[in-house]
Amino acid sequence: MRFGLFGTGPWAHQAHAPALAAHDDVEFVGVWGRNAEKAAELAGEHGAKPYADIDALIADVDAIAVALPPDVQSDIALRAARAGKHLLLDKPVAFTAVAAQEIVAAATEHDVASVVFFTRRFMPAIQTFIDQARATGGWLEARIDHLGSIFQPGNPFGESAWRKESGGLWDVGPHAVALVLPVLGGVTEVTALAGARDMTHVLLRHAGGAISTLTLSVDAPAKLEREDAVLYGESGVAGVPPVEWLPVEAFGRAVDALIGAANGGPASPLDVRFGAEVVAILAAAAESISTGATVKLG
């Protein structure tokens, strides 16, 4: 499959570009970025071609991979889907439910395969945990703490303007939501509060009656950094296991999933439809923070 990469930031360097270059079933065609010099540098590192025009790169490939801010990504993804190109997007796919649904509609209309790169969901130990949790059932609640400290010296993500503006809700929130949805089911109500240091608390009511509590931040004090996820229910307590951080391998599995779906295999459970569901929940949380009201989802 011929791939074009959009984005030249740290995530493109750490995951997307090396994974595309290493994949046996990928022809890494080109790179587009908002900074032409960085696009040329990244493309050169991996034997690809730098592109100055978005639509020119879309025209030359079968699929796009995106490592850009959500609002930039959503526009490029929509253009690519309307051109019949398959989509390997980053989370969140957009900042608004409307923009996410536009991508879903275009992907559906043009029979486009899609995968959203929720990194940990492509780590086998995490997927095994989810499968076992679903088989066990009877869960009454989930508690997820995802507290990062990206604005410390030397952290490459600390320079990200969209992360500074949108915080943990939109950066690490998608990972948390993507973990609880397949186990506890769809969300019907969202309540959220935001405090100092981007400390965001989200309460989700799931269709089956379970409640999940998410504590999210990308600006927590360094001593508070943690990633904990625990399910509680009739069978007791189940903690999500720690996993080795291997983003290149995870992205390679996302590529596998996209190629399989594009070649007539089953759609990925982490496609743009799932991505849009996550965006709707996060947007409801943002609305709840702004208005102080519980937001109901249909």
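**Note on helix packing, a cavity and salt bridges**

1. Helix α7 (residues 161–171) packs with its axis within 6 Å of that of α8. The two axes cross at roughly 15°. Angles under 35 degrees count as roughly parallel, so α7 is roughly parallel to α8. Bear in mind that this is a predicted model.

2. Which residues make the contact between α7 and α8? From α7 come G168, L169, W170 and D171. From α8 come G173, P174 and H175. By class, this contact has three nonpolar, three polar and one charged residues.

3. About 50 Å³ of space lies in the largest cavity.

4. What lines the largest cavity? The residues are F129, A142, I144, L179, V180, V183, A229, V230, L231 and V240. The lining has ten nonpolar residues, with no polar and no charged ones.

5. Three elements each supply at least two residues of that lining: β7 (139–147), α8 (173–184) and β11 (226–233).

6. On charge pairs, the structure holds 13 salt bridges. One of them joins R79 and D55, with the closest N and O atoms 2.7 Å apart. R79 lies in helix α4 (residues 70–82) and D55 in helix α3 (residues 54–59), so this pair ties together parts that are 24 residues apart in sequence.

Methods:
Residues are numbered from 1 along each chain as its sequence is written. This is a predicted model: local features need pLDDT of at least 70, side-chain atom pairs count only at pLDDT 80 or more; totals for chains, interfaces and linings use all residues. Side-chain values use heavy atoms; hydrogens and water are left out. On a 1 Å grid over the protein atoms alone, a cavity is a set of points where a 1.4 Å probe fits but cannot get out, and a pocket is an open set with protein on both sides within 12 Å along at least five of seven lines; lining residues have an atom within 4 Å of a point. Grid points are joined across faces, edges and corners, and a volume is the space filled by probe spheres set on the points. Helices (H or I, at least four residues) and strands (E, at least two) are DSSP runs, numbered from the N terminus. Ala, Val, Leu, Ile, Met, Phe, Trp, Tyr, Cys and Pro count as nonpolar, Asp, Glu, Lys and Arg as charged, and the others, Gly among them, as polar. Axes are lines fitted to C-alpha atoms, for helices over the stretch in contact, and angles run from 0 to 180 degrees between N-to-C directions. Angles under 35 degrees count as roughly parallel, over 145 as roughly antiparallel, 65 to 115 as roughly perpendicular and the rest as oblique. Contact means heavy atoms within 4.5 Å. A salt bridge is a side-chain nitrogen of Lys or Arg within 4 Å of a carboxyl oxygen of Asp or Glu.
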